[in-house]
Amino acid sequence: MTFHVVHQPHPTPAQSPYRVVRKETGTEVIWVNRFLDRECVRCLAETTLRSYALDLLHFLRWWVSVHQTDTVLEEAITASTLLDYVRFQAGQLPRPAAATINRRIVVADRALKSEFPNVPAQFAPGFHQLYWKRSPMTVARPRQALSRLRVKAPKRVILPLSVDEVARFWSSFRTSRDLAIVGLMLLQGLRSKEVLSLNRDDLLLAESQIRVRGKGSKVRYLPLAAFTATAVFVSLKGRARGTRMTPEGLRSLFRHHRVTTGVVHANPHRFRHTFASDMIRAGVSLPALMQLMGHSQIQTTLVYVQLTPLDVYQQYARAVKQHVRPTLPLQP
């Protein structure tokens with residue numbers, strides 16, 4: 001039995017456009033697609049649904065290799081099911097990144113609990129941590145809770161591009177469309193998906209603002225740099241010319257210019273990190289940067305802020321210079 005993910009361009013509003021099906025017959029894997037449909041009803045982005053489908057495809061292939069069936073029965077799920085799945089991934093070559101393993105575990109756990117609410121809680125000594133869970137309304141006392149099954153992941157640090165790298169990469173672009181794409185990432189900190197989903201009416205030129213639809217359909221308004229203004233980002237060549245640029249087209253564009261300029265770390269998300277670092281160096285406060293980045297929690301914004309000791313010293317010196325008070329004369 002072999003399985004793959006298919007995309008249905010025009011599903012019903014309550015149906016995920018991504019489906020996991022058996023290659024030989026085209027029949028759907030019911031329990032997987034039922035979970036994807038539930039997540040679709042929650043109005044998750046298509047890219048998130050695609051990621052969930054691929055993660056569950058990986059879990060399904062492992063399940064079939066162990067149980068010789070794509071049918072998942074409640075009695076077949078034990079407290080160590082996900083731990084066995086972790087062991088399987090740890091033995092793969094090349095070994096998946098810790099973040100990938102943890103993401104697959106979370107998605108598989110949610111899908112199984114969605115289908116079988118009474119399955120045993122997954123437990124593996126050494127993989128969990130106790131922590132204090134606060135009440136959402138902060139009125140009740142915190143209670144102890146057990147973290148999810150997860151493997152240790154190294155702290156991810158993404159360093160922003162240097163001034164020279166930005167200049168080299170920027171100078172390799174020629175068309176106004178491509179310059180506007182990079183400008184929106186570097187000067188407004190937009191995600192690649194936010195850039196690609198822009199429409200003409202999102203550019204409020206009279207107010208010098210841009211309307212951005214971020215994660216979770218949250219809308220934010222950003223000041224618009226004059227030379228990033230453009231009507232819409234479309235494909236310039238081939239049969240798709242004039243249609244909205246795709247994520248694959250954007251990745252191809254950046255891949256070409258990485259080769260051309262030798263700036264190997266220049267990718268859309270790196271420009272977002274560079275934007276955040278530039279804003280902090282320019283004196284923008286963390287709460288203001290959180291709004292500019294479209295984050296709902298300031299802890300997320302902190303991940304994007306990578307300052308060198310020199311940056312810290314320069315900001316401290318500037319603050320002292322601005323706020324130092326004149327020394328009062330000593331009283332006799």
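Ala, Val, Leu, Ile, Met, Phe, Trp, Tyr, Cys and Pro count as nonpolar here, Asp, Glu, Lys and Arg as charged, and the others, Gly among them, as polar. By that scheme, the lining of the second largest pocket has 4 nonpolar, 6 polar and 3 charged residues. This is a predicted model, where local features need pLDDT of at least 70, side-chain atom pairs count only at pLDDT 80 or more, and totals for chains, interfaces and linings use all residues. Residues are numbered from 1 along each chain as its sequence is written, and side-chain values use heavy atoms, leaving out hydrogens and water.

**The pocket**
- A pocket is an open set of points on a 1 Å grid over the protein atoms alone, where a 1.4 Å probe fits, with protein on both sides within 12 Å along at least five of seven lines; lining residues have an atom within 4 Å of a point.
- Of the 13 residues lining the second largest pocket, Arg177, Leu236, Lys237, Met245 and Gly249 lie nearest its centre.
- Helix 8 (247–261) and helix 6 (176–187) are the elements that each give two or more residues to this lining, and helix 8 has the largest share, with 5 residues.

**Val195**
- Val195 sits in helix 7 (residues 192–196); helices are DSSP runs (H or I, at least four residues), numbered from the N terminus.
- Beyond its neighbours within four places in sequence, Val195 is in contact (heavy atoms within 4.5 Å) with Ile181, Leu184, Met185, Leu190 and Phe233.
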